[in-house]
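Please view the sequence and the structure together before reading on.

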Amino acid sequence: MAPNDSAQTTEEAEDLAAGRRRAARYFVPVAVAGVAAATIGLVPALAASGDPDLPKISAQELIEKMAASETQQLSGSVKINTDLGLPLGGLAGLGGGSFAPKGPGGPGAGSSADPQGKLMELATGSHTLRVAADGPDKTKVSILEDAAEYSLIHNGDEVWAYDSASNEAFHAKDGGSGEKGKEHEALPKDLPTTPKQFADEALKAAGDTTSVTVGGTAQVAGRDAYQLVIKPKQSGSTIGSIKIAVDAENGVPLKFTLTPAGGGKAVIDAGFTKVDFSKPAASTFDFTPPKGAKVTEADELEKSEGARNHEGFKGPKDLKGHEDFEGAEDFKGLNVIGEGWTSIAKIEMPGGQGSGAPKGEDMPPEASKLLDALGDKVEGKFGSGTVFETRLVNALMTDDGTVYVGAVTKDALVKAANEGK
């Protein structure tokens, strides 16, 4: 090989190496971009991989499937997240720091295990529940707390509630399942605690003002489900949509999600994290108060509260003309304005014209401060008033003592008050 050939070969080799380096500089970003593009292209597929491929079903068929479901036995865990935008912690503080009744003789006297107060805690925050059911007469709901547990057990004509934090139990005969005994009026039987109960309440509102569709599929607690989507057709509602995940096999609602029209996270998100549709053990619904537990009987509590609250009041016949009972004849009840999702309740408070909202000097300083912080002053043909807003339910209290309340916007309340309906 000639010397100049050797030099040329070396030069060509260096050029080739440089070319490879340049190619590498360009190729690597292109390759990365290609991989990124491929990955991005896979994202929808990966995201959808958890959604089961189920036979097509119409909204009407899905609702019929829910209605026809004969599943009455189940057990599992339910996660409830509620964000109504209510300062319930502050409101509870005005009442002594808890919704649960406290100490004998004073305000809220009774039992900390009384369901009337305890289950109201589900109206705010995040909670984990254990639930079990064996037909309508055997149910158990337990609220799991950091270092305690609250349980409400319905077994035939017996209702027990137990608060492990205070070691107090509450007992009532017949929670409404039979004709024997007396039903304790304070038991909040209608308070929804499972996705099915939330779904039942939502479906009651379905009608001409409502759009009901099937919005794809989902998997909840390891179960294949259809997504039933309920939306208001009317404008002015604070409710954006309600989604109910319905078990594809047995028609049982597995998850309930209510999203506000204003966006953001759900107002109510309640769904099973675990669920089993086999028959729970009979012992699940047995309850005996632990040794040393304070037991409050519903009947005795009602008698004692009646004596405290109505001293000298001997019965309904004494109500008419009772000197201490003022304003009842002035209460005009409520009138419902509109229909469907934009219904507004108009309530005329006792005292009539000029009674207005409670004045600052008539209430505790804490309450007055809280109302001032919550309220938004408005004016219109009705005069002036105060609007109290949450993420779902809003209320307008006019200075003449009329209240307008509904799951509607502030503008809808002001319009109703202006029209004087």
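Strands (E, at least two residues) and helices (H or I, at least four residues) are DSSP runs numbered from the N terminus, and two strands pair if DSSP finds at least two bridges between them. The model is predicted, so local features need pLDDT of at least 70 and side-chain atom pairs pLDDT 80 or more, while totals for chains, interfaces and linings use all residues. Residues are numbered from 1 along each chain as its sequence is written, and side-chain values use heavy atoms, without hydrogens and water.

In the antiparallel pair β8 and β9, Tyr-226 stands opposite Val-246 of β9; six bridges join these two strands. They belong to an open sheet of 12 strands with mixed pairing, in the order β7-β8-β9-β10-β11-β1-β2-β3-β4-β5-β6-β12. At its edges, β7 and β12 each pair on one side only.

Helix α5 packs on this sheet, and its direction makes about 55° with that of β10. Axes are lines fitted to C-alpha atoms, for helices over the stretch in contact, and angles run from 0 to 180 degrees between N-to-C directions. Contact means heavy atoms within 4.5 Å.

| Element touched by α5 | Residues |
|---|---|
| β1 | residues 73-82 |
| β10 | residues 253-260 |
| β11 | residues 268-276 |

Ser-241 lies in β9 and is buried (under 20% relative accessible area; exposed is over 50%, partly exposed in between, with a 1.4 Å probe and protein chains only), at 11%. Its contacts, beyond four places in sequence, include Ile-230 and Thr-257.

In helix α8, Leu-413, Val-414, Ala-416 and Ala-417 are buried.
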